[in-house]
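Colleague: I would like a close look at one part of this model, with the criteria spelled out. Please keep the answer in one piece.

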Number of protein chains: 2
Amino acid sequence: HLMEQFNPGLEKLVALGNSYVKAFQALAVCSEAYFSAVAKMGDQALHTLSSHSLGDVLIQISETQRRLTAEMEGVFQWFQVEVLQAMEKNIKLDEEYIEGSRRVYELEVRNQAEALEKQLRRGAYRDSLENSDYMIYLRQSQQEILKEEERRYRFLAEKHCGLTQSLLFLVNKTGTSLQQKADGWKEKVNETREPRNGWLYGRTDTSLRQGWFPAAYVAPVEDFSIATSSGSVRSHSMNNLLDTDPSEARGHGDVPPPVTPNRRASADFRPFSP
Amino acid sequence: HLMEQFNPGLEKLVALGNSYVKAFQALAVCSEAYFSAVAKMGDQALHTLSSHSLGDVLIQISETQRRLTAEMEGVFQWFQVEVLQAMEKNIKLDEEYIEGSRRVYELEVRNQAEALEKQLRRGAYRDSLENSDYMIYLRQSQQEILKEEERRYRFLAEKHCGLTQSLLFLVNKTGTSLQQKADGWKEKVNETREPRNGWLYGRTDTSLRQGWFPAAYVAPVEDFSIATSSGSVRSHSMNNLLDTDPSEARGHGDVPPPVTPNRRASADFRPFSP
C-alpha cells in the first residue's frame with residue numbers, strides 16, 4: 001500500500017518542483033532586466049544638476065533588489081539540490097531496497113513456515129502458535145514496515161522543514177539590512193523636498209485640501225503616519241495595498257509654490273501637511 | 001534633454017515591469033501546484049498508522065507556503081497598480097504637460113523679447129540687459145526646468161521606495177510568524193525520532209562515525225548546532241547552502257537499532273549525535 005503511493009507521489013513532486021525552479025529562474029531574468037533599467041534611470045539622474053541624490057537612491061534600490069534576487073536564487077538552488085535531487089535519488093534507491101527486502105521477507109517467511117511445519121509434524125512444538133518464531137517474525141516485520149513508512153514521511157517533512165529554514169534565514173537577514181536601507185532612502189528622498197521661500201506643498205490632515213502651507217507650521221515628514229505619505233505602504237494590512245487614491249499619481253511631483261506661479265505641474269504628491 | 005530621456009525610460013520600465021509581474025504569476029501557479037502536491041502527500045500520511053503527526057507538519061508547511069505566495073502576489077499587485085500603472089498614466093499626462101508648457105514658454109519668451117526690443121528701441125530701458133524681465137524670466141524658467149526634472153526622478157525614487165516598503169512589511173511579518181511555526185515543525189518531526197530500546201541513531205561530532213549510541217549519552221536535538229542537523233540550513237552563510245554532503249540522502253530515514261537488526265534501511269540521516 002505504502003509502496004504504491006509514496007514513490008509515485010515523490011516522483012510527481014520532483015517533476016513539479018523542477019517546473020517551480022524553472023519558473024523562478026524566469027522570474028530572476030525579468031527581475032534583473034527590470035532593476036537594471038531602474039539602475040540606468042538612476043545613472044541618468046546621477047548626471048543631472050537637479051537629481052544627483054535621487055539617482056543614488058535609485059541605484060541603491062536596484063542593487064539591493066538584485067542582491068535579494070541572487071539570494072532567492074541560492075534558496076532555489078538549495079531546494080533543487082537538497083530537496084528535489086535528494087528525493088529523486090531516494091526514489092531509485094528505495095525501489096531497489098523494497099525489491100530486495102521483499103525477497104528477503106518472502107524467503108524468511110517460507111523458511112520459518114517450513115520450520116514450524118516440521119516442528120508440528122514431529123510433535124516437538126511446545127509453545128502456542130501465537131508465540132512461535134514464525135508469528136513473532138511476522139509481527140516484527142509488520143512493526144518494521146510501519147517504521148519504514150514513518151521514515152519515508154519523516155524524510156519528506158524534514159526536507160521541507162529545511163526549505164522553510166533556508167527561507168527563514170533569508171527573511172531574517174533581509175529584514176534587518178533592508179529596514180536600515182529603506183529608512184535611509186526615504187530620508188534622502190525627503191531631503192529633496194525642501195521648503196521654497198518658506199512654503200511647503202502638502203495636504204491638510206482634516207480637510208485633505210491641497211496647497212501651499214507656511215513651512216514653519218508644517219510637521220516634518222517623519223512625524224507622519226504611514227497612511228498619508230505617498231510612495232509607501234499606506235496600511236498595515238496587505239489587503240489595503242490596492243486601495244488607490246484616485247487623486248494620486250496625476251503627474252510627477254508637486255505644484256510650484258505661490259511665489260512662482262508661472263509653471264504648474266499636474267501632480268499632487270502629499271509629502272507634507274500641517 | 002530631460003524630455004528626450006525620461007519618458008522613454010519610463011516606458012521601457014513599464015514594459016519590463018509588466019513582464020516581471022507575468023513571470024511572478026507563472027511562478028505562483030507552479031508554487032501552488034508543488035505545494036498542493038506536498039499537501040496531498042501530507043494527507044496520505046495523516047491516514048497512516050505510523051505518520052499522522054508528520055502528515056500534519058507537511059500540510060502546515062504547504063499551507064504556510066501557499067499563504068506566503070498569496071502575500072507575495074499582493075506585493076506584485078501593489079507594484080503593478082501603484083508603480084507600473086502610475087508610471088504609465090504619468091507618461092501620457094507628462095507628454096501633454098510638456099507640450100502645453102513648451103507652448104506657453106515659447107509664447108512668453110517671444111512676448112518678453114518683443115517688449116525688451118520695444119523698450120530698447122524707445123531708449124526707455126534703464127537697467128542692464130542682465131536684469132531685464134526677459135533675462136529674469138529665462139533664468140526662472142531654467143530653475144523651473146531643474147525642479148521639474150527633480151520632481152520626475154523623485155516620483156520614480158518614491159515609487160520604488162514604496163516597493164521596498166511593501167516588501168519589507170511582508171518580510172517582517174513573515175519572519176515573526178514563520179520562526180514560531182518552523183520551530184514547532186522541527187520539534188514535531190524530532191518527536192517521531194524516539195530512542196529505541198535505549199539506543200539512538202546518529203553521528204559523532206568528532207569522527208563523524210555513524211551508528212547507534214546509548215540514548216543516555218546523547219544530547220537532545222535542540223542542543224545541536226544547525227550545522228549537523230539534516231534537513232535544515234547547515235550554515236549561516238547562504239554560500240554554503242549548496243555544500244552537499246555526499247554521504248547524505250542515500251535513502252529514507254535511519255537504520256534500525258542494534259537490538260532488531262533483521263531489517264536495514266539504506267539511509268543515514270543524522271538527527272542525533274553524542
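Predicted model: local features only at pLDDT ≥ 70, side-chain atom pairs only at ≥ 80, totals over all residues.

Modeller: Residues are numbered from 1 along each chain as its sequence is written, chains are lettered from A and ligands numbered from 1 in the order in which they are written, and side-chain values use heavy atoms, with hydrogens and water left out.

Gly123(B) follows α2(B), and its phi is positive, near 65 degrees. Helices here are DSSP runs (H or I, at least four residues), numbered from the N terminus. α2(B) itself has 70 residues and spans 100 Å from its first C-alpha to its last, close to the 104 Å expected at 1.5 Å a residue; the expected span is 1.5 Å times one less than the number of residues. At Gln80(B), α2(B) bends by about 30 degrees, the bend being the angle between axes fitted to the seven residues ending there and the seven starting there.

Axes are lines fitted to C-alpha atoms, for helices over the stretch in contact, and angles run from 0 to 180 degrees between N-to-C directions. The crossing is left-handed, that is, the near helix is turned anticlockwise from the far one by less than a right angle.

In this contact (heavy atoms within 4.5 Å), Leu54(B), Val57(B), Leu58(B), Ile61(B), Gln65(B) and Leu68(B) of α2(B) meet residues of α3(A) including Tyr153(A), Leu156(A), His160(A) and Leu167(A). By class, the contact of α3(A) with α2(B) has eleven nonpolar, three polar and two charged residues. Nonpolar covers Ala, Val, Leu, Ile, Met, Phe, Trp, Tyr, Cys and Pro, charged covers Asp, Glu, Lys and Arg, and the others, Gly among them, are polar.

α3(A) has 59 residues and reaches 85 Å between its end C-alpha atoms, close to the expected 87 Å, and bends by about 25 degrees at Leu178(A). Within chain A, the axes of α2(A) and α3(A) come within 11 Å and cross at roughly 180 degrees. That makes α2(A) roughly antiparallel to α3(A). Their contact has 28 nonpolar, ten polar and 13 charged residues.

Lastly, the axes of α2(A) and α3(B) come within 9 Å and cross at roughly 30 degrees. α2(A) and α3(B) are therefore roughly parallel, and α2(A) passes α3(B) in a left-handed crossing.

Conventions:
Helix = DSSP H or I, 4+ residues; strand = E, 2+ residues; numbered from the N terminus. Parallel < 35°, antiparallel > 145°, perpendicular 65-115°, else oblique.
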